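Look at the model first, then read on.

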Amino acid sequence: MAAVRLGCAERDRIDARSVVEGLPTAAEIAEASAEFDDPSGNQALVEYDGGVVGYATIRRWQERDGTWLYLHRGYLLPRHRGQGIGSALLDWAESRIRRLVRQHGTARTAVIGANAMASEQEATALLLDAGYRRVFSLVELELSDLRQLPDGRPLPAGVRVGAVDPRSYRAAWRTVVDSYAGAAFTERWTFERFLATAEPTCWRAAWDREDMAGVALCSVHRRDATVGEVEELSVRKESRRLGLGRALLLDGLRCLREHGAETARLYTGTANPHRSYDLYESVGFRRRNEHVRYRKPISV
């Protein structure tokens, strides 16, 4: 499966250093597969002449508005495209999802989802031809040199920025969750899941006197220590337009640099209502990739 991903990279212009979807190792694919509800039932392999030439996976989760998203993702080596194999994988995924929806009793709130990078032209065409519609996209940005960070700006009186200690984890989690209130297509994020993936070394928070006003959750890429990631940058509604987002971002980036990162990545929605794209560009981030999210109604 890892060889399939590598074999698709040149044709689909995959960015190996992407923090959204890069080139996973076999161990990372195995780790992800182990988290599926039914690893054997929710993955399909395409074999040709004794070797794996493609595969598809299905995952599901519930979003904040109660929608159950059943997401499938497929990959097929370029030399086997244009022969109906991709369509067969798509048909398998949709049939399997319909069965799962009946088993789970989620027909009233379920929807089929699929992902494709803008550069994956054949996958994009396949999804559009099958009736999927584009609902939003994520733009991935890169800051290519962490040595070239702009200077910070004075913060309002009573505001301070610093590290996040364990006593503040729940407040940090709540700050992120609250920032997505009313946002469409966002997954429910429990405090338990937040703790399970916590890498707090370069987490930064802003306090307005005693209240947490914003957070920047930054981490060094676990496979490539030269790459840092800004996983979340959230500022509470009442504290926006005060320069807190910029201060948090720069402090987090400086921490990543101190821990060996040379570049930084992040992603944001193209329809972000808080103009975070402008903030990231002002610090030096530039657009690299676009990851498009598609959806299709389920008929069971």
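Aspartate 15 forms a salt bridge with arginine 288, with 3.6 Å between the closest N and O atoms. Aspartate 15 sits in the loop between α1 and α2, and arginine 288 in strand β11, so the pair ties together parts 273 residues apart in sequence. A salt bridge here is a side-chain nitrogen of Lys or Arg within 4 Å of a carboxyl oxygen of Asp or Glu. Helices (H or I, at least four residues) and strands (E, at least two) are DSSP runs, numbered from the N terminus.

This is a predicted model: local features need pLDDT of at least 70, side-chain atom pairs count only at pLDDT 80 or more, and totals for chains, interfaces and linings use all residues. Residues are numbered from 1 along each chain as its sequence is written, and side-chain values use heavy atoms, leaving out hydrogens and water.

The side chains of glutamate 140 and arginine 265 also meet in a salt bridge (3.0 Å, N to O). Glutamate 140 is in strand β5 and arginine 265 in strand β10, 125 residues apart. Shared partners join Asp15, Glu140, Glu142, Arg265 and Arg288 into one network.

| Residue | Relative accessible area | Class |
|---|---|---|
| Aspartate 15 | 9% | buried |
| Arginine 288 | 42% | partly exposed |
| Glutamate 140 | 0% | buried |
| Arginine 265 | 1% | buried |

The structure holds 28 salt bridges.

Technical notes
Buried < 20%, exposed > 50% of the residue type's maximum accessible area, 1.4 Å probe, protein only.
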